[in-house]
Amino acid sequence: MEQTAERSAARSLNSFHERAFSENESSQFIDIFSELDEYISLHESHERTTAAMEDSKIVELYFKRDENAIRQTQRKFGKRIRNISRNITGSALTAEEVENDTYLRAWENIPPAEPASYLFAFLARITRNISISLCRERSSLKRNAVLVELSDEMAQCLPSSCNIEEEAEADNVLELINKFLFSKTEDKRNIFMRRYWYLDSVSDIAKRFGLSESNVKTTLFRLREELRKYLAEQGITV
């Protein structure tokens, strides 16, 4: 029963990720990711070199089928892609494997996808899905404490995937989450997205934004409760 609950929660978390962003769909959610990525980049200048190519130029290379697109992608986003995968898989070696698979998947999907204004969000979604799939294939999902913790947190405020089987209903849930996040302050939205989109630890979020871990935990708890209540008011129950 415990493993079933963990897997159900994990499916809920992954469903949120998949529907929050798809390779062929642009939405206000992408605006959130792009805005957050821009904000974070100001605090992570060491991860971006002054010679880093603009996202739109990198995407142009993909459209031209120029293999330099992959080199430029790796140069600009490689470290961050590995960090996302390592957060999920708990393995630096697996993260390197996922990084390479991410570039291959991006090459296969651009075009027709054209993520010129949200390239990192596009790559992060691919990285996350590959990482979770690898965990499942290797029967390590239930042992990944970080992913289980995140899944449990999201299960407190999101309906499980089995409760939103109809695509129209799932899209409605996504739209409601979108509206909820846009109603919050930038600081709160950033904390929520760092935790549940980038899968950062509480300690990493605290360091990134100069907060105490207690403050981050309290903010996340309140946001989950507010989201749960908001969805309930809209007829969506956990």
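This is a predicted model: local features need pLDDT of at least 70, side-chain atom pairs count only at pLDDT 80 or more; totals for chains, interfaces and linings use all residues.
**Helix 9 against helix 11**

From helix 9, I listed Lys-188, Ile-191, Phe-192, Arg-195 and Tyr-196 as the residues that make the contact. Helix 11 answers with Val-216, Thr-219, Leu-220, Leu-223, Arg-224 and Leu-227. Sorted by class, this contact has 7 nonpolar, 1 polar and 3 charged residues.

I found Leu-181 in helix 8, which covers residues 167-182. Is Leu-181 buried or exposed? Its relative accessibility is 1%, so I noted Leu-181 as buried, the cut-off being under 20%.

**Helix 5 against helix 6**

Next I turned to helix 5 (residues 92-109) and helix 6 (residues 119-137), which pack at an angle of about 125° with axes 9 Å apart. This makes helix 5 oblique to helix 6, and I noted the crossing as right-handed. By class, the contact between helix 5 and helix 6 has 7 nonpolar, 5 polar and 3 charged residues. On the helix 5 side I listed Thr-94, Glu-97, Val-98, Asp-101, Thr-102, Arg-105, Ala-106 and Asn-109. They meet Phe-122, Leu-123, Ile-126, Thr-127, Ile-130, Ser-131 and Leu-134 of helix 6.

I then followed the chain into the loop and checked omega. Which peptide bonds are cis here? The bond from Ile-110 to Pro-111 is cis, with omega near -15°. Another cis bond joins Pro-111 and Pro-112, with omega about 15°. Pro-111 is in the loop between helix 5 and helix 6, and I placed Pro-112 in that loop too. I flagged these bonds because most peptide bonds are trans.

**Arg-65**

A look at phi took me to Arg-65, where the value is near 60°, positive in a residue other than glycine. I made a note of this because most residues other than glycine have a negative phi. Arg-65 is placed in the loop between helix 3 and helix 4 (68-89). With a relative accessible area of 38%, Arg-65 is partly exposed.

**Asp-55**

Helix 3 spans residues 55-63, and Asp-55 lies in it. I looked up its accessibility: a relative accessible area of 16% makes Asp-55 buried. What does the side chain of Asp-55 make a polar contact with? I found the side chain of Lys-76 as the partner, at 2.6 Å. Leaving out residues up to four places away in sequence, Asp-55 touches Lys-76, Phe-77, Ala-116 and Leu-119.

**The chain as a whole**

I ended with the totals. The chain has 11 helices and 0 strands, and from the N terminus on I read its elements as α-α-α-α-α-α-α-α-α-α-α. Of its 238 residues, 48% count as buried. For contacts between residues at least 6 apart in sequence, I noted that 74% join residues at least 24 apart.

Methods
Residues are numbered from 1 along each chain as its sequence is written. Side-chain values use heavy atoms; hydrogens and water are left out. Helices (H or I, at least four residues) and strands (E, at least two) are DSSP runs, numbered from the N terminus. Buried means under 20% relative accessible area, exposed over 50%, partly exposed in between (1.4 Å probe, protein chains only). A polar contact is a pair of N or O atoms within 3.5 Å; within protein, one must be able to donate a hydrogen and the other to accept it, and residues adjacent in sequence count only if both atoms are side-chain atoms. Contact means heavy atoms within 4.5 Å. Axes are lines fitted to C-alpha atoms, for helices over the stretch in contact, and angles run from 0 to 180 degrees between N-to-C directions. Angles under 35 degrees count as roughly parallel, over 145 as roughly antiparallel, 65 to 115 as roughly perpendicular and the rest as oblique. A crossing is left-handed if the near helix is turned anticlockwise from the far one by less than a right angle, and right-handed if clockwise. Ala, Val, Leu, Ile, Met, Phe, Trp, Tyr, Cys and Pro count as nonpolar, Asp, Glu, Lys and Arg as charged, and the others, Gly among them, as polar.
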